[in-house]
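Dear colleague,

I am passing on the structure that we spoke about, together with some notes on what was found in it. Please read the notes with the coordinates open beside you.

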Amino acid sequence: MPVNLTRNAIAMMNSGDVNSKPLVQVVDIKLIGNSQERYRFLLSDSESTQHAMLATQLNEQVRTGRVKKGSIIQLIDYICSTVQNRRIIVVLNMETIIPEYEIIGNPKLLMGSEPEANKSMPNNNLFEPSTRSTNNRYSAPAPANKAQSFQPTIQPAYQPPPNYKIQGPIMKNEAPARIIPIAALNPYQGRWAIKARVTAKGDLRRYNNARGDGKVFSFDLLDSDGGEIRVTCFNAVVDRFYNVIEVGKVYLISKGSLKPAQKNFNHLKNEWEIFLESNSTVELCPDEDGSIPRQQFSFRPITEIESAENNSILDVIGIVISVNPSVPILRKNGMETQRRILNLKDVSGKSVELTLWGDFCNKEGQKLQEMVDSGLFPVLAVKAGKVNDFNGKSIGTISSTQLFIDPDCPEAQGLRAWFESGGRNTASISISKEIMPGGSKNEIRKTLTQIKDEGLGRSDKPDWVTAKATVVFIKTDNFCYTACPLMIGDRQCNKKVTQSGNKRWLCDRCNQEFEECDYRYLLQVQIQDHTGLTWVTAFQEAGEEILGCSAKEMYLLKYELQDDTRFGEIIRSRLFHQYLFRLKIKEELYGDEQRVKITVVKVDKVNYSAESRYLLDMVTKNLRNRKQF
Amino acid sequence: MDTSSPAAFVNGGLLRMHVGRKVRTVIQVTRSDAGSVMGKSTDGCQLVVRGSPPAPLTSYVEVIGVAENENSIRAELWTNFGDSFDASNYDQLCQLANGELKHLFL
C-alpha cells in the first residue's frame with residue numbers, strides 16, 4: 001500500500017516543532033558510542049534526511065528488530081537541539097508503523113557531510129533518561145559539564161532556543177546539575193550533583209514499625225575535597241540501588257533530599273544526610289578518578305584516647321601486638337555473638353585494648369590472629385571505633401566501624417618504620433587498665449572525717465587518697481562471691497557466676513560452664529582513725545591482705561567444714577591492725593540516692609620509719625605555719 | 001603510770017642541758033665492757049653509759065638514767081632496741097622535744 005510520509009517533516013522538526021508527530025522512514029541505523037550502546041537513525045520524509053539519536057530506553061526496539069532500516073515510524077516524542085552547529089534530534093518515543101518498506105523517494109541529507117561518530121556524540125554519562133515518557137526535554141550537555149570545577153554561583157536556568165514552542169503542563173528544567181563539593185550540600189541548594197567514592201556500604205536491614213515492614217541501607221561517600229556524607233535508601237529505593245553501589249567505586253549522584261544527619265548512627269563530619277528517592281540518579285563513573293581518595297581518616301594517637309570522652313567515635317592506627325581467640329558471648333537480647341580482644345601500640349608509647357564484635361572476629365580478627373601467630377606485627381587502622389571507659393579507656397567496634405590491615409597510607413608507613421627501628425622493643429603503658437594516680441611520691445593523705453568534710457568523690461572523676469586507719473569490724477555475711485576463673489586476654493574474667501544444675505557454674509560473659517569456680521573477696525570492713533570511722537569495700541587483693549588468707553580458704557572453713565569457731569578466731573585475730581589504706585572514693589547512684597562509695601584499692605602495713613618521718617614532717621610544717629601568724 | 005619524774009629525750013648535743021637530771025637516749029653500741037658501754041648518739045657524738053648492760057646487747061639500746069656530764073650517763077634502765085633503727089627520726093624527736101614542744105614532754 002502506498003505510504004505517505006509527513007511532508008517536510010524534517011524541516012519542521014529542525015525548525016523546532018515537537019508536536020507534529022510526523023511519519024518518517026528510517027533510512028539507516030548505525031550503532032555508535034564508546035561506552036554506551038547508542039543508535040543513530042537517519043530519518044527521511046522522502047525528500048530530506050536528518051540524523052536522530054535514539055534514546056537508550058528504545059534500544060530494545062532496534063535489538064529485537066522491531067525497528068530497522070526501512071521501517072516507517074511515527075515520532076511521538078522527540079526533541080531538537082543544536083550541538084556544535086549541527087541540529088540533532090533525539091527520539092524519546094516512537095512507534096513502528098510498518099517494520100519493512102522500501103526506501104521512499106530520493107531523500108538527501110539536509111545538512112553537510114556525515115558527521116564523525118565520536119565528535120558530536122554527546123557524552124552521555126549524565127543522560128540517563130527517566131522511564132516516564134513525558135514532555136521532558138533533554139539538552140545535549142555542553143562539554144563544560146565534564147569538568148569538575150565548581151562555580152559557587154547559582155546554577156543558570158536552562159534557556160530553550162527562542163523559536164521553541166513551550167507547551168505541556170509543566171516546564172521542567174532538566175539541564176543536568178553541576179557537580180558541587182559535598183561540603184556545599186544543604187537542603188536549600190536547589191539542584192545538585194556530587195561525584196564521590198563509596199567508602200563504606202552498610203548492610204541491608206529490615207525493620208518493622210507501626211507503618212509496617214520496611215528495609216533500609218546506607219552508604220558513605222567521600223569526594224575529592226575530602227567532604228563526606230552518608231546516603232540512605234528506603235524500601236523501593238533500596239531495590240534500585242543496593243546492587244549498584246560498590247565500595248571503592250565512584251558515582252555521580254543527583255536528586256536526593258537533604259535532611260539533618262542522625263548523629264547517633266552517623267559519625268561522619270557532616271550535619272546533613274542524603275536520602276535517595278524514586279527520581280534520584282546514581283551513575284557509576286567507570287573512569288578511575290585519582291583525585292578522590294579511597295578513605296579519609298583522622299587518626300588520634302593512643303595517648304589522646306586516654307582523655308577521650310566515653311562513647312565518642314574516633315579513628316586510630318597502631319601495631320597489633322597481641323590477638324586473643326574469639327569467644328562466643330551471650331548478649332542481653334539473647335542473641336549470641338563473637339568477641340575478640342587485641343592490643344594496639346603506637347609511637348606515643350601507649351597501648352590500647354581493641355574489642356572486635358561479631359563478624360570482625362571471623363574476618364579481620366582471624367586474619368590478624370594468623371599474622372600475629374606467624375610472628376608478624378601488622379598495622380591496623382580503625383575507622384569509627386567507639387571509646388569505652390569501663391576499665392581505663394578501650395575501643396570497641398560498632399556496626400559502622402571499618403578495619404584496614406596494613407593500609408597503604410603514610411601513617412601506616414610511619415608506624416612500620418618506627419616499629420622496626422626500635423619501637424618494637426619499647427615497653428608501652430596500657431591505657432586500658434584502671435590507673436591509680438599518684439605513686440608513693442604524691443600520695444594525698446587524709447583523715448577519715450576529711451573524706452566527708454571535704455566532699456571527696458563528688459566530682460565526675462573518683463578521688464584517690466591514702467588514710468592510716470585501723471580495722472575495727474569485718475562483716476562476715478557475704479564476704480566473698482563465686483567468680484569466673486576463665487581468662488580473657490591476660491586478665492581473669494572474675495564476673496559473678498551462677499549455679500547451673502548441680503555442682504556446675506555458668507558465666508554469662510564468657511558463656512561457658514565449668515565445675516570449679518573461683519572465690520573472690522567482697523569484704524565490707526569498718527576502719528577507724530583518730531578522727532572517725534567509715535565503711536569501705538575491699539576486693540580480692542585488699543581482702544587477702546586484711547584477712548591474711550585466701551577467700552577460698554575462708555569459704556571452705558565456713559561453708560564446707562562449717563568450723564565457725566576457727567572462722568571466728570581468724571576474723572578476731574585480724575581486727576585492730578593498723579594499715580595504710582589506698583582508697584578510691586566515688587559518689588554513685590544507688591537506686592534513687594547518691595552514696596559515696598569507698599573502695600580499698602591497696603592495703604599496706606605501716607612502715608614505722610617512713611610513717612614517723614611523715615609525722616615529723618607534718619609537725620614541723622604545722623609549727624612553721626603557726627609561726628606565721 | 002608514774003609521771004613524777006619524766007626523763008628528757010636527749011641526743012649527744014642536748015645532754016649538757018640536763019646534767020644532773022633524768023634523761024633518756026638511744027645509742028648505737030660501739031664497745032661494750034663490764035660496767036660501761038660506749039656508743040654513738042643519734043647526732044653522732046660519742047657517749048659513755050655506765051651501768052650493767054643486758055646480755056646479749058643489740059646494736060641499738062635505749063638507756064634511761066642520770067646525766068653525769070655532757071658525754072656520760074649513769075644508766076638505771078636498759079632496753080634493747082634491736083639491730084635496725086631510724087636514728088634521724090629519733091634525733092628530730094629530741095630536737096622538737098627540747099625546743100618548741102618542750103611543754104608537751106616535761
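Below are a few words on conventions, followed by the findings.

This is a predicted model, in which local features need pLDDT of at least 70 and side-chain atom pairs count only at pLDDT 80 or more, while totals for chains, interfaces and linings use all residues. Residues are numbered from 1 along each chain as its sequence is written, chains are lettered from A and ligands numbered from 1 in the order in which they are written, and side-chain values use heavy atoms, with hydrogens and water left out.

To begin with chain B, its secondary structure comes to 2 helices and 6 strands, where helices (H or I, at least four residues) and strands (E, at least two) are DSSP runs numbered from the N terminus. From the N terminus on, the order of these elements is β-β-β-β-β-β-α-α. Of the 106 residues of chain B, 38% count as buried (buried means under 20% relative accessible area, exposed over 50%, and partly exposed in between, with a 1.4 Å probe and protein chains only). B:M17, which lies in the loop between β1 (8–9) and β2 (22–33) of chain B, counts as partly exposed at 40% relative accessibility. The C-alpha atoms of B:M17 and B:E70 are separated by 8.1 Å, although the two residues are 53 residues apart along the chain.

Between the chains, the axes of helix α11 (residues 608–627) of chain A and helix α1 (residues 87–98) of chain B come within 10 Å and cross at roughly 30°; these axes are lines fitted to C-alpha atoms over the stretch in contact, with angles running from 0 to 180 degrees between N-to-C directions. The two helices, α11(A) and α1(B), are therefore roughly parallel to each other (angles under 35 degrees count as such). From α11(A), A:S609, A:S612, A:R613, A:L616, A:V619, A:T620 and A:L623 meet B:N89, B:Q92, B:L93 and B:L96 of α1(B), contact meaning heavy atoms within 4.5 Å.

In chain A, A:K350 has its place in strand β16 (residues 350–357) and is buried, with a relative accessible area of 17%. The side chain of A:K350 makes a polar contact with the side chain of A:E306 (2.9 Å), a polar contact being a pair of N or O atoms within 3.5 Å of which, within protein, one must be able to donate a hydrogen and the other to accept it, and residues adjacent in sequence count only if both atoms are side-chain atoms.

Notes: Angles under 35 degrees count as roughly parallel, over 145 as roughly antiparallel, 65 to 115 as roughly perpendicular and the rest as oblique.
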